[in-house]
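I opened the notebook for a friendly look through this one. My notes follow in the order I looked things up.

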Amino acid sequence: AGVCGGCALGLMLDPPKSSYWIRYSPRYYLSNLSGVFGGSSKTLLLTSKAEHETNVPEVVQQLVSTRRLDTAGSDSEDEH
């Protein structure tokens, strides 16, 4: 019990600088817990449709006919 308490006290007085410790340490446990139940400004679900500029039918046609994309770089095996 003494060794365990000494280790815990040492961690509380001089905590490690790792991101794992910051995320899961007892000191930040209450703030993380309040963020879960208190809500946050970020939403879990999307609020609007994602916009993409890729022409999917053209990409499929390239892959089906040539098995590669025209915009992709050259293959290193083809140069030998």
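This is a predicted model: local features need pLDDT of at least 70, side-chain atom pairs count only at pLDDT 80 or more; totals for chains, interfaces and linings use all residues.

**Entry: the cysteines**

I looked up Cys 4 with those cut-offs in hand. Its relative accessibility is 57%, so Cys 4 counts as exposed. Cys 7 comes out at 47% relative accessibility, so I put it down as partly exposed.

How many disulfides does the structure hold? I found 0 disulfides. Cys 4 is in none, and the nearest cysteine sulfur, that of Cys 7, is 6.8 Å away. The cut-off I used for a disulfide is sulfur atoms within 2.5 Å.

**Entry: the whole chain**

I stepped back to the fold and counted 4 helices and 0 strands. Along the sequence, the pattern reads α-α-α-α. The chain has 80 residues, and buried ones make up 2% of them. I noted about 8000 Å² of accessible surface for the chain, with 60% of that belonging to carbon and sulfur atoms.

**Entry: a surface patch**

Which residues form a nonpolar patch on the surface? I wrote down Tyr 29, Leu 30, Leu 33 and Phe 37, which together have about 480 Å² of accessible area. I then picked out Phe 37, which sits in helix H3, residues 26-38. Phe 37 has a relative accessible area of 69%, so it is exposed.

Next I went to helix H4, residues 56-66, where Gln 62 lies. Is Gln 62 buried or exposed? Its relative accessible area is 13%, so Gln 62 is buried. Leaving aside neighbours within four places in sequence, I listed its contacts as Arg 67, Arg 68, Leu 69 and Asp 70.

Leu 69 is partly exposed, at 31% relative accessible area. With neighbours within four places again left aside, Leu 69 is in contact with Val 59, Gln 62 and Leu 63. I also checked Leu 69 against Glu 58: they are 11 residues apart in sequence, and their C-alpha atoms are 9.6 Å apart in space.

Conventions
Residues are numbered from 1 along each chain as its sequence is written. Side-chain values use heavy atoms; hydrogens and water are left out. Patches are made of residues with over 30% relative accessible area and no salt bridge: like charges are joined within 9 Å, nonpolar side chains (Val, Leu, Ile, Met, Phe, Trp, Tyr) within 5 Å. Accessible areas come from the Shrake-Rupley method with a 1.4 Å probe; for residues, only the protein chains shown count as cover. A salt bridge is a side-chain nitrogen of Lys or Arg within 4 Å of a carboxyl oxygen of Asp or Glu. Helices (H or I, at least four residues) and strands (E, at least two) are DSSP runs, numbered from the N terminus. Buried means under 20% relative accessible area, exposed over 50%, partly exposed in between (1.4 Å probe, protein chains only). Contact means heavy atoms within 4.5 Å.
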